Amino acid sequence: MRSSFPKLPSLATTLLLCLAGSASASSDFGCSSEWKVDAEQPSLCNNWPFLSPANDSRVNIRLLLDVVTELPLSEKLAQGDEPLAPLVPFDLYALHAAEAETAAPRDHAAELDALLAPLDLNTGDLALQVFAEDEGTRCRSNDLPSANAFIAAMAQDGLPLDARRILARQRMSLLLTCGPGEGSALETAELAEAPEAAPFLRYLKAAEAFYQGDLAEATDGFASLHDSPQPWLRETSRYLSGRVLLNVAQEGALDEYGYLEPQQVDASRADAAVEALQAYLIEYPEGQYFASARGLLRKLHWLKLDHQALAAEFVWQWQQPAQRRNRSFRQLIDEFDDKLLFSIPSDQAQDPLLLGVLDLMALRRPWDERERLPRERFEQQKRFFMEQPGLYRYLDAAHQFYGEQNPAAALAILPARPQSGPLGTLAFSEQTLRGLALERLGQREQAREHWRALLDLSRDGLQREQSQLALAMNLERSERLAEVFAADSPIDSQPIRLQLLRYVAGPALLREELRRSGGKAREALLYALLYKDLLRGHYADFVSDSAAFGPLPADSSLAVFAWSGDTRGAYSCPDLQQLAKQLAAEPENAGARLCLGDWVRTNDLRYSPLAERPAGDELGGSAELFPGQGFSRLQAYQAVIASPDAAAQDRAYALYRAVYCFAPGGNNDCDAQEIAPEQRKEWFHQLKREYPQSHWAQSLKYYW
Amino acid sequence: MKRLAWLLLMVPWGLCAAPVDAGDHQAFWLWAGVKPQPVLTQAHTLYLLQGQIDPHGIEGRGRLHAQGPAAGPLRAELWLVYRAHTLDWPDEIVPQLLARVERWRRHGNQVRGIQIDFDVGTRHLARYAGFLEQLRQRLPADCGLSITGLLDWGSNGDPLVLNRMGETLDEVVVQTYQGRHSIPDQQRYLPRVAQLRLPFRIGLVQGGQWQAPKELESSPWFRGYVVFLLNP
C-alpha cells in the first residue's frame, strides 16, 4: 500500500497487472516479478534484501531493524519451492508468512473448566465474542484469559465456595457484554452473607460498567480497589484505571465513521491516562499487564499527535523480547507504517530508523508524490545519525545514486568491499549499491568481479540469491551465458537458471540442461523447448524432441503438446505429432498452418508465460538465442487469405478466424498488429461474398 | 510523469464525459484513511471498508485484519467491505466477518451483507466463482453477498461468466476507475456491462469522469452508482 498511492490503502484495482498476466504468479494476488536489482519503483510484489527505494516501506523498516538491532530476515524466505518464481525480489506477504510469530496455542476453555470444577460449574456451551486482528474495541479483553484470572484470584483468596460459585457464574455471563445495556444484572443479594466477596463484586460491577461503556461508574469502581489488600484486584484495578482514562480521553474523538478528530481528544485525560499507565509500569515492572500497558502508551501518543513520543515508543518496542511487547514485530511494523510514517511532519523525525525509511521513500521514482528531499535538508539530518554514521553514509550514497542519478558520486562515498564476510544488511546494501554504480557507469567487468566477490561475502540465502541475480544479469548482458551454466559456475539458483534457459538459451543448451534436470524444472524446460520448436518453425525438432524427452503427462502443463487435433468439428485437424510432420515436410501448407493456429487458439497459448518476453532491464530480457520467427495466428490467416492457390475451405476458414481475432471487444487477440476496422469489415464481406455457402460464412454474424 | 500521461489519454473522451460529483449520488464507499465528508449525510447506502484478508497467516494462509470504524449507529444501509489478497481462507475468517455484521446490527443498523473486493484477472474468474459459491453457503440467508468487478472482465475470456453467478451474488459493483482515476477507455467496456443479468451497480471515483451509455441505465438490472470517496 505504500507504493503508488501512499495516502490510500491500495485502491481498487491492479487492472494492468491482471491484464498483463503474470509469468510467475505465486499467489492469488498475482504478483508480477521484476527480475532485477536496480529498481526505483515500489510495489508490494518486489522487495530486495538491501535498502532500496523500491522496497515497500514495511520491508525497509524490517531491514533497518536488522541494521539497528541485528535481526536478520528469516532464512525461510530464501527457501521457496516454486522454481519459476524468483526468491529475490520477494513479495511482502512472503516475508510476513516467513516471519509469522506463532505462539503455542493455549486451551483457555480447558483451563477455565479446571478452575470451575471445584465449584461444580463447567463452561458448557459458552459463547464468546469473536474479533478479527486489529478490530479495535475495549471488549477484546473481555475474554477467557481475563475470566480465568478472576476465578483463579478468588480461589487463592480462600473465599467461601458459594460466593465463588456465584461470582464465577457472573464473570462468565459478563463474557458477552460489549456495549450499553448489554449483560445481565448482577445478582448481589445472595452475596450479602460473605463480606469477603464484596471487593470481587465491586470489581465485576466496574468491569461490567467498563464493557458497557459507563466510564464514570467504571472509574469509581476501579479506584475503590486501588488499595485493596487482594493483590490481583489491586494490580488489575490500577491497570484498568489507566484504560478507563484512555477511553474517556478518546470518547468523542472518533467520529461516527471511525475517523480521528484530534482536536476532540481530551488532552488532560490523555495525560492522566499516560500517568496512570506509567505509574502501573513502575509499580509492576514484571506485572501481568505490563506489555498491554506499555502498548497502550502508543495509542495515547497517537491520540495526542505526539509523534516524537510515539517514535520513541517504537524504538523501545524494537528492543524487547516477545513477552514484553503487546504485538508481533510484523504488527508493530504495520502500525509504525500506518500510524507514524505518513503522519509525522518530516522536520520532526529524528530517529535514524524513521529517517532512513522516509529518506528512501523520497528517492523513489516516478510515482511518489512526496516532495523530493533536497540536498541541504538531507544534510541537516546528519546530527541525528551520531550513533549510526554508517547508515547516514549509505543514505548519502543512495541520495547520489537514485536522487541525483550520479553513480560516480555514489562510488566515491561508498566504502571499499570488505575482505571478509559475512555482511550485515548495511554492509550488504553498501556493496550492492557499489555494484549497481559500476553497472550504471558501464564498468561491466569490474562489476562482474564485484558480484562474484559479493556472493562469497553474502551472509544468508537472500543475499546470495540477490548476488547471483546481479551476476547472472551481468553475464547475460556480456554475452557470457555459457558461464552461467559452466561446471564451476557459482550460480546455482534454480529460478535464475530457469529464467535464462526459458527466455534466452538456444536449443542446444536447453536440451543439455533438460537432460540434467528433474521435477518441475524439467517440466518447465521441456515445455519451453517444445513450445519454441513448434512456434519458431522447427517442426522436425519437435517430433524428435518429444520422442526423446517424452512422455507428456496429461496432468501436467505438457499436456498441450499431446493435442489430439480436431476430427469432429467443421474444420478438421490431425493430432500435433502428425501436424508437425506435415509442417516439417511442407512448412507453408495452408491447412497445416491453420491447424497450428487452432492448436494455439484452443490451448490459449497467446497467454502462455513464454508468449511475453521479460522487460529489457530484467533477467532474461536480452536477445533470444533460440532461432526462428515467432508464429502469429493472424499472420497465418493473412497469408492464406492472400494466397490464390489456397483451397476454398481454407480461405473461408482463414477469413472467419481473422475476423474472430477481434471478438468480442475489438481487441486483437491473435497478435500485436494494428488492423483498421475497415480491413476487418472487408474480411467479413469477402467471406460473405466469395464463400456465401460455406459453413464459416453462415456462422459469422458480426465483425468487430 | 505517469499522471500526465493519464490526463492526456483522458482528453478526447473527457470532452463528452462529466466529472463525478459525489453530491449527485446516494451510495458511497468509505475506505480506510479517507476523511469522512459532509456528503455522507445524504447516503442511502454505505460500503464501509472493514478489513483486509492478507496471506500473512500461518503457512501463508489468509488472515483477516480489521480496518475501518467500529460498529456504531449509522443512518444508511450498510455493506461491510473486505479486500481480499488471497482466497485461501482458514475456517475462522467467516465467523469473524459475521460477528462484525452482528455488532453493526446490534447498533440498530440495516446491514445488507458483505462485499468482497478481490482483483482477479479474467482467466481466474472461474476459480473466484467457485470460492464465492462456497462462501455463500457459509453465510446465513439474511447476509447478502456483493463483489466488486473489473471493467475488463470478460473482454478476453468468457464474456458473461458473471451472469452464471446470479444465484450466488446479490449484486456486483463494476469499478470504472483505477487508483484515483477513471479508466480512460471505459466506454469501450460498458456495452458489455449492460449485458449483465444480475443486479449491478457502477462504481465511480469522486472527481473522475463518467458518461452513462443509455443502454446501461435502462437495464432492468442496473441499481445505480457507488462513488468511491477520496481525500481532496
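Residues are numbered from 1 along each chain as its sequence is written, while chains are lettered from A and ligands numbered from 1 in the order in which they are written. As the model is predicted, local features need pLDDT of at least 70 and side-chain atom pairs count only at pLDDT 80 or more, whereas totals for chains, interfaces and linings use all residues.

Chain A contains 31 helices and zero strands; these elements are DSSP runs numbered from the N terminus, helices being H or I of at least four residues and strands E of at least two. The C-alpha atoms of chain A occupy a box of roughly 110 × 65 × 50 Å along the principal axes. Of the 704 residues, 43% are buried, a residue being buried if 20 or more other C-beta atoms, placed from the backbone, lie within 10 Å of its own. Among contacts in chain A with a separation of 6 or more, 62% join residues 24 or more positions apart, where contact requires C-beta atoms, placed from the backbone, within 7 Å.

The domain assignment, which is automatic or from a database, divides chain A into domain 1 (15–98), domain 2 (109–123 + 136–342) and domain 3 (633–699). The centres of domain 1 and domain 2 of chain A, taken over C-alpha atoms, lie 39 Å apart. Seven residues of domain 1 and eight residues of domain 2 form their contact. On the side of domain 1, helix H2 (residues 57–69) of chain A supplies the largest share, six residues. That side comprises two nonpolar, three polar and two charged residues; Ala, Val, Leu, Ile, Met, Phe, Trp, Tyr, Cys and Pro count as nonpolar, Asp, Glu, Lys and Arg as charged, and the others, Gly among them, as polar.

H2(A) has 13 residues and spans 18 Å from its first C-alpha to its last, close to the 18 Å expected at 1.5 Å a residue, the expected span being 1.5 Å times one less than the number of residues. Ten of the 13 residues of H2(A) are buried, so the helix is largely enclosed by the rest of the structure. The buried residues include A:Arg58, A:Asn60, A:Ile61 and A:Leu64. Among the elements covering them are helix H3 (92–98), helix H14 (352–362) and helix H18 (425–440) of chain A. After H2(A) comes A:Glu70, with a positive phi near 55 degrees.

Helix H11 (residues 290–303) of chain A is also mostly covered, with ten of its 14 residues buried. Its buried residues include A:Arg294, A:Leu297, A:His301 and A:Trp302. Their cover includes helix H9 (231–250), helix H10 (267–283), helix H12 (307–318) and helix H13 (329–341) of chain A. Just after H11(A), A:Leu305 has a positive phi of about 55 degrees.

The largest nonpolar core has 179 residues, with A:Ala472 and A:Val659 making the most contacts inside it; such a core is a set of buried Ala, Val, Leu, Ile, Met, Phe, Trp, Tyr and Cys residues joined through C-beta atoms within 7 Å. Helix H24 (residues 519–535) of chain A gives the most to this core, ten residues. Beyond its neighbours within four places in sequence, A:Ala472 contacts A:Val484, A:Ile491, A:Ile496, A:Leu500 and A:Leu619. A second, separate core of 64 residues includes B:Ala66, B:Leu78, B:Phe131 and B:Val227.

Definitions and conventions
Contact = placed C-beta atoms within 7 Å. Buried ≥ 20, exposed ≤ 12 C-beta atoms within 10 Å, placed from the backbone.
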